[in-house]
Amino acid sequence: MSARRWIYLAFAMLAGCLSGFPVYAADTLKVRLDWTPWGNQAPMHFAAQKELFKKYGLDVTIDDGNGSVSTVQIVGNGEYDIGHASLAPMVIARSKGLTLKAFAGFVQRNDIGLLVPVDSGIRSPADLKGKKIAFTAGSLEAPFVDRFLAAGKLTRNDVELLNVSAAAKAGTYISGGADGAFSSVPFFLPVVSSKRPSTSLNFADYGLQFPSFGLFATEKTIQAKADALRRFASVVSGCWAYILNDHVDEGVKAIIAARPQAKLDPDVLRKQIESIRAFSKTQATEKQPFGMMAGSDWQTALQVLTDGGLLEQKVQPEDVFTNDLIDKDIVASIAAGKF
């Protein structure tokens with residue numbers, strides 16, 4: 001190493017010691033998000049805006065995605081270090097041979113549900129008889145439609161299922177082309193409610209529980225970049241805890257600043273983030289630091305996914321998640337606003 005490089009490192013370490021901040025070697029990480037900008041991406045943009053990645057020795061690139069399944073495949077193929085997406089497709093991919101593992105969970109209750117108008121009188125699956133319901137055949141909701149209807153003692157013959165693309169679902173529902181629509185509740189409900197006031201029947205309330213959004217990587221990446229992933233997961237987890245602790249507007253501003261070309265509606269973003277609060281924890285993780293997951297939750301999830309015929313081979317909880325990459329001290333510090 002050159003003398004200039006040694007001098008630089010010496011000054012960097014001295015600056016870190018004098019500031020009271022921990023000193024890390026610089027690590028580069030590429031992150032692939034689940035979708036185009038929406039509320040659940042707030043913590044990553046907030047961390048970048050507050051230079052928290054830099055503080056913890058990380059050089060992070062954050063790219064938008066075009067669906068959780070796509071993100072799972074791209075990360076599984078090694079094109080990115082980290083994926084941020086729904087964790088159920090990650091487990092399905094794991095059962096097909098991609099050695100992916102979750103290392104932080106942010107939306108730990110199943111976020112999928114049926115959106116219905118507030119004035120529709122629909123309060124349970126039993127009220128859906130004769131109704132037209134929009135869904136997307138290739139999406140995660142599709143394998144569970146029959147079990148959801150069965151909770152109301154109905155079958156597909158009792159309703160009219162309208163198969164539409166994910167992109168067309170909101171327009172179809174808002175225009176009245178469907179009496180209900182299956183989708184991610186925190187994403188979809190704020191988008192449609194301003195034009196068609198709606199509520200939701202959530203899958204998790206009818207025995208269809210599995211974790212949703214979180215961070216994952218290949219086992220190869222976890223082994224090679226464990227320390228960097230630990231810092232990244234802990235920073236983002238801390239930012240989630242901070243934002244949900246009455247700092248939602250700061251998260252909204254961070255997304256808009258990071259993606260100005262998207263022309264995002266701050267009110268929709270705010271409602272999306274606030275909606276996530278109800279899905280962020282389970283009973284098993286309620287008292288755990290943000291980001292940490294529970295083996296019991298994963299055991300339930302694996303059984304639900306198996307019953308849905310989505311897993312090609314048996315998978316154990318230890319195969320699909322780890323809590324080893326959450327630093328509780330970093331999470332607590334950032335959650336308390338110590339930037």
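This is a predicted model: local features need pLDDT of at least 70, side-chain atom pairs count only at pLDDT 80 or more; totals for chains, interfaces and linings use all residues.

User: Why is the pair of Tyr242 and Phe339 called edge-to-face?

Analyst: The ring centres of Tyr242 and Phe339 are 5.0 Å apart, within the 6.5 Å that a pair requires, and their planes stand at 70 degrees, which is over 60, so the pair is edge-to-face. Tyr242 belongs to helix α10 (residues 226–244) and Phe339 to the segment after α15 (328–335), so the pair ties together parts that are 97 residues apart in sequence.

User: Is Tyr242 buried or exposed?

Analyst: Tyr242 has a relative accessible area of 8%, and because buried means under 20%, Tyr242 is buried.

User: How do you know whether Tyr173 and Phe188 count as buried or exposed?

Analyst: Relative accessibility is 0% for Tyr173, which is under 20%, so Tyr173 counts as buried. For Phe188 the value is 3%, also under the cut-off of 20%, and Phe188 therefore counts as buried.

User: Which residue lies over the face of Tyr173, and which lies over the face of Tyr80?

Analyst: Arg196 lies over the face of Tyr173, at 4.6 Å from the ring centre, where the distance criterion asks for a value within 6 Å. Lys30 lies over the face of Tyr80, with 4.6 Å to the ring centre.

User: Which residues do ring pairs link into a cluster?

Analyst: The cluster consists of Phe148, Phe182, Phe203 and Tyr206, which are linked by ring pairs.

User: What is the secondary structure of the chain, and why is the chain called as compact as a globular protein of that length?

Analyst: The chain comes to 15 helices and ten strands. Its radius of gyration is 21 Å, close to the 20 Å that the globule rule gives for 339 residues, so the chain is as compact as a globular protein of that length. Along the principal axes, the C-alpha atoms fill a box of roughly 75 × 45 × 35 Å, and 53% of the 339 residues count as buried. Among contacts between residues at least 6 apart in sequence, 79% join residues at least 24 apart.

User: Why is Asn40 called buried, and which residues does Asn40 touch?

Analyst: Asn40 has a relative accessible area of 0%, under the 20% cut-off, so Asn40 is buried. Asn40 is found in the loop between β1 (27–32) and α2 (42–49), and the side chains of Asn40 and Trp38 are joined by a polar contact of 3.0 Å. Not counting residues up to four places away in sequence, Asn40 touches Asp34, His84, Phe213, Trp240 and Ile276.

User: What makes α2 mostly covered?

Analyst: Six of the eight residues of α2 are buried, namely Ala42, Pro43, Met44, His45, Phe46 and Ala47. After α2 comes Glu51, whose phi is positive, near 60 degrees.

User: How do you know whether Ala204 and Phe321 are buried or exposed?

Analyst: Ala204, in the loop between β9 (198–202) and β10 (213–218), has a relative accessible area of 16%, which is under 20%, so Ala204 is buried. Leaving aside neighbours within four places in sequence, Ala204 is in contact with Arg109, Asn110 and Gln209. Phe321, in the loop between α14 (317–320) and α15, has a relative accessibility of 14%, under the same cut-off of 20%, and therefore counts as buried. With residues up to four places away in sequence not counted, the residues that Phe321 touches are Lys101, Ala102, Met293, Ala294, Gly295 and Trp298.

Technical notes. Residues are numbered from 1 along each chain as its sequence is written. Side-chain values use heavy atoms; hydrogens and water are left out. Buried means under 20% relative accessible area, exposed over 50%, partly exposed in between (1.4 Å probe, protein chains only). Rings of Phe, Tyr and Trp (its six-membered ring) pair if their centres lie within 6.5 Å; planes under 30 degrees apart count as stacked, over 60 as edge-to-face and the rest as tilted. Helices (H or I, at least four residues) and strands (E, at least two) are DSSP runs, numbered from the N terminus. A charge sits over a ring if NZ of Lys or CZ of Arg is within 6 Å of the ring centre and within 35 degrees of the ring normal. The radius of gyration is taken over C-alpha atoms; the globule rule is 2.2 Å times the number of residues to the power 0.38. Contact means heavy atoms within 4.5 Å. A polar contact is a pair of N or O atoms within 3.5 Å; within protein, one must be able to donate a hydrogen and the other to accept it, and residues adjacent in sequence count only if both atoms are side-chain atoms.
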